[in-house]
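Please open the model in your viewer with the sequence panel alongside, and keep the selection tool ready.

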Amino acid sequence: MLVSEFDYELPEELIAQYPADKRDFSKMLVINPDDNSIKHAHFYDIVDEIDNDCVLILNNTKVIPARLFGTKDTGAKIEVFLLKETNTPKNWEVLIKPSKRVKIGTIITISNELQVKVLSELEDAGKWLVELIYDGDLYHILDRVGNVPLPPYIERKMSSDELKALDYDRYQTVYAKNEGSVAAPTAGLHFTSEILEKLKAKGVEIGYVTLNVGLGTFRPVKCDDVLEHKMDSETYEISKETADLINNAKAQGKKIVAVGTTTVRTLESAYKEFGCIKECKSASTLFIYPPYEFKVIDKLITNFHLPKSTLLMLVSALAGKDFIFNAYKTAIENKYRFYSYGDCMFIKGKVCN
């Protein structure tokens, strides 16, 4: 299977540069592989679309201000992008730009509260190991000196204080809890507290998992053959409460609705590793592409994904590649907004591979 089979043309003006005025006013394409139906809605209609015999599972990871701008002692400007903390305290895997300006031992000053010491270049192309030098609570410091790690396709010529405040609020789900992600689980950005309460009142049970979104989710596929791509490891956690909720739902024949591809990968990774859903802390390198037999999830709320991305391959495995590409064509024709701040789709079923 070739990566080029997952390519499509998207007009540049459909790449969302700003969030919708209200979270739940985004457009939503509702698609069903069972009957190949496609209909147009808004996200606030999700309350009607999810049946009360469903269980909704969301990723409650919290985005950290992972983008840091600093200088060397020579005055050279350096960008450090935090990826994930290692098992050694204060040591992180990062991206450095421009990397040619640093060497082992280089100190990058972010602020009077935070410095970055370069320890080594990792074998994984483009990554570096660094030590963060600080006193106190790192996440409190990052809130003061870090920047929201918006994707590169959000290209704004100016980043005013107002825009920073907007992104700080809107590039985070309303239920974000556990810090550690360097990108938002964007399908969850459409939810409001009111929507969640309406679903609960309807009888929909809700549970949470945590997958800290890292490079594995958004790293581009650079090989020609799908099978040659390797996913970066991303840590995840499932509580006993959520495991019991899912297992009881499955035993009762209820459907599992995943919010976002990160939730899908969390649940399917756990099943692959343990043969069931149970309380656990682990890491996912699972790469889902057609054909794939989903063991846990039945339905999916997801945004529109980049061409030739692992996320597009995942949704193609769930709903069928031809059907997904037909849905994307429909979305483009109807001027849906794409990617992180864009509109979404609700996939109401899955194909049988």
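Begin by selecting β5 and β6, which form a hairpin with five residues between them, and look in the turn for Gly75, which has a positive phi of about 95°. This is a predicted model, in which local features need pLDDT of at least 70 and side-chain atom pairs count only at pLDDT 80 or more, while totals for chains, interfaces and linings use all residues. Residues are numbered from 1 along each chain as its sequence is written, and side-chain values use heavy atoms, with hydrogens and water left out.

Strands here are DSSP runs of E with at least two residues, helices are runs of H or I with at least four, and both are numbered from the N terminus; two strands pair if DSSP finds at least two bridges between them. Strand β5 (residues 67–71) and strand β6 (residues 77–85) run antiparallel and are joined by five bridges, and if you pick Thr71 you will find its bridge partner in β6, Lys77.

Leu82 stands opposite Val94 in β7. β6 and β7 also form a hairpin with five residues between them, and Lys90 in the turn has a positive phi of about 75°.

Now turn to the aromatic rings, of which the structure holds 16 pairs. Rings of Phe, Tyr and Trp (its six-membered ring) pair if their centres lie within 6.5 Å, and planes under 30 degrees apart count as stacked, over 60 as edge-to-face and the rest as tilted. Select Tyr8 and Tyr328, whose ring centres are 5.3 Å apart with planes at 80°, so the pair is edge-to-face. Because Tyr8 lies in the segment before β1 (27–32) and Tyr328 in helix α9 (residues 321–333), the pair ties together parts that are 320 residues apart in sequence. Tyr8 is buried (under 20% relative accessible area, with exposed over 50%, partly exposed in between, and a 1.4 Å probe on protein chains only), its own value being 11%, and Tyr328 is also buried, at 3%.

Finally, select Lys321, whose charged end sits over the ring of Phe325, 4.7 Å from its centre, and over the ring of Phe6, 5.7 Å from its centre. A charge sits over a ring if NZ of Lys or CZ of Arg is within 6 Å of the ring centre and within 35 degrees of the ring normal.
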